[in-house]
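The following paragraphs lead the reader through a predicted model. Please keep the sequence and the structure in view while reading.

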Amino acid sequence: MEEVATITVIEQAELISAIDTVWVSICAAIIFLMEGGFALLEAGFVRSKNSMSIIAKVIIDIIFGGLAFYAIGFGIAYGASNGYFAFDTGITDTDIGLGLTISNKLFWFIQLGFAIAAISIVSGAVAERMKVWVYALFVVIFCAVMYPLAANWVWNPNGWLALRGFNDFAGSSAVHAMGGFAALAAAIVLGPRLGKYDQNGDPVAIPGHNLPLAAVGGFILWFGWFAFNPGSTLGAVGNWELIGTVATNTFLASAAGGVSTMLYTYFKYGQIDITMTINGVLAGLVAITAGCNIVSPESAILIGLIAGILVDIAVIYIDKMRIDDPVGAIAVHGINGLFGTIAVGLFAVEDGLFFGGGSQLLITQLLGVLVIAAFSFILTFIIMTILKKTIGIRVDRSEETAGIDAVTFGVEAYTTFE
Amino acid sequence: MKKIEAIIRPSKLKAVQRGLKDADIPCITVAAVKGTGLQKSYSERYRGTEQSMILQNRVMITCIVSDSKLENCIDVIKENASENKAGDGKIFIYDVKDAIRLSTGVRGNDAII
């Protein structure tokens, strides 16, 4: 009898791992597809003369960033942490301490999707003017060291924020604020595109060349989010209720973000702004990412509504501050990563300020996201400034005028004849 | 032999094409163009920033006709392309020295119909 029971237990563990592996590997593959969403969104929002260069940048995010995250990044994020960092290389064989029922390698693969998503936020903000090899260098630094440090603090079982009870379910802070504030620093150091501001310093619109393409990118990102957030459960067995909550909250916040942007732009400008509505949906998604596991559906809608307004105000304000962000990455990911993380402290069903949980969680959320945003901003600012003073980070004037596609890559996105 | 360059509203292209075909002037070359004339200036908003001096989409039809068909051609375009409003477009007429049909090498008036 005893022998039979042992076999049953072993088989059950096998079964759990098998089910969880199917769940996580599907989610990881869908998260990987989000890179295609970033590529199309960014390509559509830039001018045709630079549209292939932005696709090259997203490919660089994946290939350079991916190898860097394999060689060094994952070890720093999920090795044996002293609370702030870990020293490991490659994918560790030892128990990471998260109670994983999937292999460490599959866990690495889903985490890879998070790392390259974070750096892809930066690729949009530096569009149309950054040197490609210098960008690749920054990608390696970001995915090998910068992002993994934030992931260590937030998600490593020994990370200092994890130990304080910081709740960032799928990365409003570790992925989106991290990427968004790196994007902000990079855009400041790079300076605006030629012609973005007139003699009086007023912003000039530089319309994207293919808005339907940008919309397709937005839809792919939207779709991918239903793997990004629910997949962060890292297992399906025993999580069926949580996965439902996360998926529902993720949708509700995105829809609310779209609604509030549509209404805001309609009443402000007299017309609905569709490209801003895409950003509004994404803003709702970014904002709910931190708290999608522990807020109510009503709170998710409220968070989305606020995020949709925040992104509209932020895009205009960032433009006025003479920071040129062609795709709105800073407003979507930076500002709403910040807001979404803080919102957990307000709306969490058990510990949120608005639900009688006191201010302790709110303080932890504020502290965590501000540290991550400041860390990302300051370090990126320093690295970019050093690169600017030494090897130069910006394509020269004639290349920027002619288009990076033609000069650096010798390619045209749309060949006119035949 | 004359060259007619007509800049018209894109929505009128089909009607003009049909009219010219019915008038036995089937050969046209069409290009999408942007421009501005006397119509009110037009602005758009892109992601919250106003863009002024937006150029309007128009279609430019080029056709080469014999002198005898010139007035007929102009009438057809006027009839089918006008809304009697600013922004309808314009017609320009040029002299043409010669024409050569590539497939047969025929020159002059025989080459254009």
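In chain A of this predicted model, 78% of the contacts with a separation of 6 or more join residues 24 or more positions apart. Of its 418 residues, 56% count as buried.

The secondary structure of chain A comprises 14 helices and zero strands. Read along the sequence, the chain therefore gives the pattern α-α-α-α-α-α-α-α-α-α-α-α-α-α. Its radius of gyration is 21 Å, close to the 22 Å that the globule rule gives for 418 residues, so chain A is as compact as a globular protein of that length. The box filled by its C-alpha atoms, taken along the principal axes, is roughly 85 × 45 × 45 Å.

One of the helices, α10 of chain A, covers residues 297–320. Its 24 residues, at 1.5 Å a residue, should span 34 Å, and the end C-alpha atoms are 35 Å apart, which agrees. After α10(A) comes Arg322(A), which has a positive phi, near 65°.

The account now turns to the second chain. Six residues of chain B are in contact with twelve residues of chain A. On the side of chain B that touches chain A, the elements giving two or more residues are β3 (44–46) and β4 (49–51) of chain B. The residues on that side divide into one nonpolar, three polar and two charged.

Finally, there is the matter of confidence. Chain B averages a pLDDT of 92, and 99% of its residues score at least 70. For the complex, the predictor gives an ipTM of 0.77 and a pTM of 0.91. Where pLDDT is low, the predicted coordinates should not be read in detail.

Notes:
Residues numbered from 1 in each chain as written. Chains lettered and ligands numbered in written order. Predicted model: local features only at pLDDT ≥ 70, side-chain atom pairs only at ≥ 80, totals over all residues. Contact = placed C-beta atoms within 7 Å. Helix = DSSP H or I, 4+ residues; strand = E, 2+ residues; numbered from the N terminus. Nonpolar A, V, L, I, M, F, W, Y, C, P; charged D, E, K, R; others polar. Expected span 1.5 Å × (residues − 1). pLDDT = per-residue confidence, 0-100. Rg over C-alpha atoms; globule rule 2.2 N^0.38 Å. Buried ≥ 20, exposed ≤ 12 C-beta atoms within 10 Å, placed from the backbone.
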